[in-house]
Amino acid sequence: ESVMFDTENLTEIPIYHSSIEMVEHNAEKSTIRLLYGSMDSSVCNKLFRREIIGEIRFIKGRYNEDIIFLAKMFTRCSKMLQINDAFYRYRITDGSITHTFNERSLDPLRNVEDVSHIVHVAFPSCEKALFYYKSNAIKTVATGIVRNKLLKIEPYTTAFKTACSYLQANYLKILLNSDFDIRFKFAMTTLIIIKTMSKYSN
């Protein structure tokens, strides 16, 4: 568990799951929860033994690389204990990378490939959760490009086309999948329409 610290009002706001109970999960269950987003993908509120971490390191310069690190770590852990005590406090600044959309915001498109490879090899039973994570990450990037009006600027143009091509290729699979809510399906449809319209407007 972690909390967000509001420096202006000097208050703490719980992040993610403020009412979670202490619970133990095995590596496969933890991976599923990570991919579905029911576990915070940040490394900052997690502890690992040094000998388990070994040679694993973050990818230098990569945004949102925490999830790759965690996916690798879970292949080495037999069990994880989740507690509700907040030992990590997150201070938000105006220039935070997590609150601005730039070229590093496209990194999740690369991260999904790394995570997919790790999960395919170590946890083949997690394919359903992996598909959810990958589709959600790709849709989020495409949505960010549209919201920030970057469709006609490289490298965002190419990234948007790549993201929408994936959504289009998996359109029916996502549409019939109960893991995705109606808002996701509507957003996906809208993105594909935008891609089609931009193709004919060029």
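The chain has 8 helices and 5 strands. Keep in mind that this is a predicted model. Reading from the N terminus, the order is β-β-β-α-α-α-β-β-α-α-α-α-α.

Some overall figures. The chain has 202 residues, and 40% of them count as buried. Its accessible surface is about 12400 Å². Carbon and sulfur atoms hold 55% of that surface. Now take the contacts with a separation of 6 or more: 68% of them join residues 24 or more positions apart.

On to a helix pair. Two packed helices are described by the angle between their axes and the distance between the axes. Here the pair is helix 1, residues 27-36, and helix 5, residues 127-147. The angle is about 25°, and the axes are 8 Å apart. Angles under 35 degrees count as roughly parallel, so helix 1 and helix 5 are roughly parallel to each other. The crossing of helix 1 over helix 5 is left-handed.

Who meets whom? Helix 1 brings Ile32, Leu35 and Tyr36. Helix 5 brings Lys128, Ala129, Leu130, Tyr132 and Tyr133. By class, that contact has 7 nonpolar residues, 1 charged and no polar.

Next, helix 3, residues 66-74. How many of its 9 residues are buried? The count is 8, so the helix is mostly covered. The buried residues are Asp66, Ile67, Ile68, Phe69, Leu70, Ala71, Met73 and Phe74.

Last, the backbone. Most residues other than glycine have a negative phi, and most peptide bonds are trans.

Start with Asn64, in the loop between helix 2 and helix 3. Asn64 is not a glycine, yet its phi is positive, about 65°. Its relative accessibility is 28%, so Asn64 counts as partly exposed.

Then the loop between helix 5 and helix 6, where Lys149 sits. Lys149 also is not a glycine and has a positive phi, about 55°. Buried or exposed? Lys149 is exposed, at 74% relative accessible area.

Pro155 is in that loop between helix 5 and helix 6 too, with helix 6 spanning 156-169. The peptide bond from Glu154 to Pro155 is cis. Its omega is near 10°.

That's my tour. Over to you.

Note on methods. Residues numbered from 1 in each chain as written. Predicted model: local features only at pLDDT ≥ 70, side-chain atom pairs only at ≥ 80, totals over all residues. Heavy atoms only, no water. Axes fitted to C-alpha atoms, helices over the stretch in contact; angles between N-to-C directions. Helix = DSSP H or I, 4+ residues; strand = E, 2+ residues; numbered from the N terminus. Parallel < 35°, antiparallel > 145°, perpendicular 65-115°, else oblique. Left-handed = near helix turned anticlockwise from the far one by under 90°. Contact = heavy atoms within 4.5 Å. Nonpolar A, V, L, I, M, F, W, Y, C, P; charged D, E, K, R; others polar. Buried < 20%, exposed > 50% of the residue type's maximum accessible area, 1.4 Å probe, protein only. Areas by Shrake-Rupley, 256 points an atom, 1.4 Å probe, with all protein chains shown as cover.
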